[in-house]
Amino acid sequence: MTVTSERIPRSSKHVLTEDIIHREVTPDKVLTRRLLTKTGIVPRWAERLFPTNVAHSAFVLEDSVVDLKHKTLTTLTWNINHARFMVVREWCVYGIHPENKNWTQIKREAWISSNLYGFSLAIQECGLASFKSSITKTMKGFEYVLARMQGDAPIKTLRETAREATEKAKETALAATEKAKDMASKAGSQKKQHYV
């Protein structure tokens, strides 16, 4: 149960607020819905689509089920703002590894979609690149929390790992932004040709 609420290290700066909206305890499960406010990374080319006060934050709902009988934690998270621009859904199942009961096995799936006409593919590509780079930080944070819970000192400090991941994320985001601009430019020129 501790890992459920401690998956994100307290020193994490990308989670601004964390509120439990609902919690239900049954004999074999704990169901929770949380509202998280996170810092959002909106590409520069998309910043003009949002008011300044919402361009850099995202509201995320997370449903989680702790199954005490099967010893699993299942989460489903999705953004509730910027949904016209892009929706990111992530489903994770944390459980005991079948080969070693001292290991945690994680199955993770994500869906990124956009319905913004003419730009949906570019937005999805940019979202996917951002998601991939953030997973590195997410996993390092989770490993840090597990190590702290077990009394182990992590090899690298969380700050060092975050700095490295941030540099890699910047590189990935820059490449994705360039690709998105290129795809948007091609989509714009195809649209003009279609109507000529």
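Modeller: Let's go from the overall fold to the charged pairs.

Colleague: Fine. What kind of model is it?

Modeller: It is a predicted model.

Colleague: How many helices and strands are in the protein?

Modeller: The protein has 5 helices and 6 strands.

Colleague: In what order do the elements run from the N terminus?

Modeller: The order is α-β-β-α-α-β-β-β-β-α-α.

Colleague: What share of the residues is buried?

Modeller: Of the 196 residues in the protein, 34% are buried.

Colleague: What about contacts between residues 24 or more positions apart?

Modeller: Take the contacts with a separation of 6 or more. Residues 24 or more positions apart account for 45% of them.

Colleague: Now helix α4. What span should its 30 residues have?

Modeller: Helix α4 covers residues 120-149. At 1.5 Å a residue, it should span 44 Å. Its end C-alpha atoms are 42 Å apart, which agrees.

Colleague: Which glycine follows α4?

Modeller: Gly-151 follows α4. The phi of Gly-151 is positive, near 80°.

Colleague: New topic: charges. Why can side chains pair up at all?

Modeller: Opposite charges can pair when the charged atoms come close.

Colleague: How many salt bridges does the structure hold?

Modeller: The structure holds 6 salt bridges. Let's take a few.

Colleague: Start with Arg-34. What is its partner in the salt bridge?

Modeller: Arg-34 pairs with Glu-62. Their closest N and O atoms are 2.7 Å apart.

Colleague: Where do Arg-34 and Glu-62 lie?

Modeller: Arg-34 lies in strand β2, residues 29-39. Glu-62 is in strand β3, residues 57-67. So the pair ties together parts that are 28 residues apart in sequence.

Colleague: Arg-34 and Glu-62: buried or exposed?

Modeller: Arg-34 is buried, at 6% relative accessible area. Glu-62 is buried too, at 4% relative accessibility. The cut-off for buried is under 20%.

Colleague: Which residues are linked with them in a network of salt bridges?

Modeller: Glu-18 is linked with Arg-34 and Glu-62 in a network of salt bridges.

Colleague: Next pair. What does Glu-90 bridge to?

Modeller: Glu-90 forms a salt bridge with Arg-108. The closest N and O atoms of that pair are 2.5 Å apart.

Colleague: Which parts of the chain does the pair link?

Modeller: Glu-90 sits in strand β5, residues 87-96. Arg-108 sits in strand β6, residues 104-113.

Colleague: How accessible are they?

Modeller: Glu-90 is buried, with a relative accessible area of 14%. Arg-108 has 24% relative accessibility, which counts as partly exposed.

Colleague: What about Glu-109? Which side chain does it meet in a salt bridge?

Modeller: Glu-109 meets Lys-107, at 3.8 Å from N to O. Glu-109 is partly exposed, with a relative accessible area of 30%. Lys-107 is partly exposed as well, at 44%.

Colleague: Which strand is Glu-109 in?

Modeller: Glu-109 lies in strand β6.

Colleague: What is Glu-109 in contact with, leaving aside neighbours within four places in sequence?

Modeller: Glu-109 is in contact with Arg-89, Glu-90 and Trp-91.

Colleague: And how far is its C-alpha atom from that of Cys-92?

Modeller: The C-alpha atoms of Glu-109 and Cys-92 are separated by 6.5 Å. Along the chain, Glu-109 and Cys-92 are 17 residues apart.

Terms used: Residues are numbered from 1 along each chain as its sequence is written. This is a predicted model: local features need pLDDT of at least 70, side-chain atom pairs count only at pLDDT 80 or more; totals for chains, interfaces and linings use all residues. Side-chain values use heavy atoms; hydrogens and water are left out. Helices (H or I, at least four residues) and strands (E, at least two) are DSSP runs, numbered from the N terminus. Buried means under 20% relative accessible area, exposed over 50%, partly exposed in between (1.4 Å probe, protein chains only). Contact means heavy atoms within 4.5 Å. The expected span of a helix is 1.5 Å times one less than its number of residues. A salt bridge is a side-chain nitrogen of Lys or Arg within 4 Å of a carboxyl oxygen of Asp or Glu.
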